[in-house]
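Please look over the model below.

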Amino acid sequence: ERAEDILSQMNRPNVITYTAVLEAWSKSSRKDAVARAFALLNSMNATPNVTTFNTMIKVIGNSRTETDKLGSLQVVRSMMQEANCQPNLRSFNAILTVCAADSEERALDYALDILEEIRSTPKMIDQIDNYTYPSLFKVLATHGASFEVVKEVFSICCEDQAVTRMVVSHMKRCLSIPELQELLPVYNVENFELRELPHAWRKRYERTHEKQRRRR
């Protein structure tokens, strides 16, 4: 609220300033944080960009009182279309994070639709990072996805070379030992590590991990 007071005193706030205020709302514990953030978004005297909308998604995800997070996400997606603003991978990762924390049954279908949307664009597939599939598998675990759904998503994850330690961890939450053994018949599924899986399944993770190691 103090950030909004400062904003109101500025002559010509730009999109960076508005986004910073939305970031402040994402950290607020107020019950009306989502409503206040939407009000700010609708009253902006600057054109919102993808970072602005991603921050609004973060406000929704962090809210402990918002009762219709998926509905709020859909409002943001509609606003992005109206602004001719294309979502990026951070947008989709943030949406998957919201779905993982949402108790609504339709959150699972919503997340699977997001996966389909990501994979419909070759450029987006190339950008898949170490947050995308772990977030999706957390959705599967949280919402008790069926074996067939987990199997299909894991197959796609392997195809995208994006298996990570967190993917394996969430998959163990999704499936029983017999189901996991059926999915990975040549492994001791009660005690196996990521490095035991085919390198082709985890190339993307290994590349990212190596880049992070070199930066240290």
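A residue is called buried under 20% relative accessible area, exposed over 50% and partly exposed in between, using a 1.4 Å probe on protein chains only. By that scale Asn 84 is exposed, because its relative accessible area is 65%. Asn 84 sits in the loop between helix 5 (69-82) and helix 6, where helices are DSSP runs of H or I with at least four residues, numbered from the N terminus. Although not a glycine, Asn 84 has a positive phi of about 55 degrees. Gln 161 is not a glycine either, and has a positive phi of about 60 degrees. Gln 161 belongs to the loop between helix 10 (147-159) and helix 11 (165-174), and is partly exposed at a relative accessible area of 23%.

The model is predicted; local features need pLDDT of at least 70, side-chain atom pairs count only at pLDDT 80 or more, and totals for chains, interfaces and linings use all residues. Residues are numbered from 1 along each chain as its sequence is written, and side-chain values use heavy atoms, leaving out hydrogens and water. The pLDDT is the predictor's confidence in each residue, from 0 to 100. For the protein chain it averages 90, with 91% of the residues scoring at least 70. Among the elements, helix 4 has the highest mean pLDDT (97) and helix 1 (residues 2-8) the lowest (60). Where pLDDT is low, the predicted coordinates should not be read in detail.

Next come the pockets. A pocket is an open set of points on a 1 Å grid over the protein atoms alone, where a 1.4 Å probe fits, with protein on both sides within 12 Å along at least five of seven lines; its lining residues have an atom within 4 Å of a point. The largest pocket is lined by 13 residues, and nearest its centre lie Asn 54, Thr 55, Lys 58, Arg 90 and Ala 94. Helix 4 and helix 6 (89-101) are the elements that give two or more residues to this lining; helix 4 supplies the largest share, seven residues. The second largest pocket is lined by residues including Arg 90, Ala 94, Asp 129 and Tyr 131.

Thr 55 is found in helix 4 (residues 50-62). Is Thr 55 buried or exposed? Thr 55 counts as buried because its relative accessibility is 6%. The side chain of Thr 55 reaches the backbone oxygen of Thr 51 at 2.7 Å. Beyond its neighbours within four places in sequence, Thr 55 is in contact (heavy atoms within 4.5 Å) with Thr 19, Leu 22 and Glu 23.

Note on methods: Polar contact = N/O pair within 3.5 Å; in protein donor to acceptor, adjacent residues only side chain to side chain.
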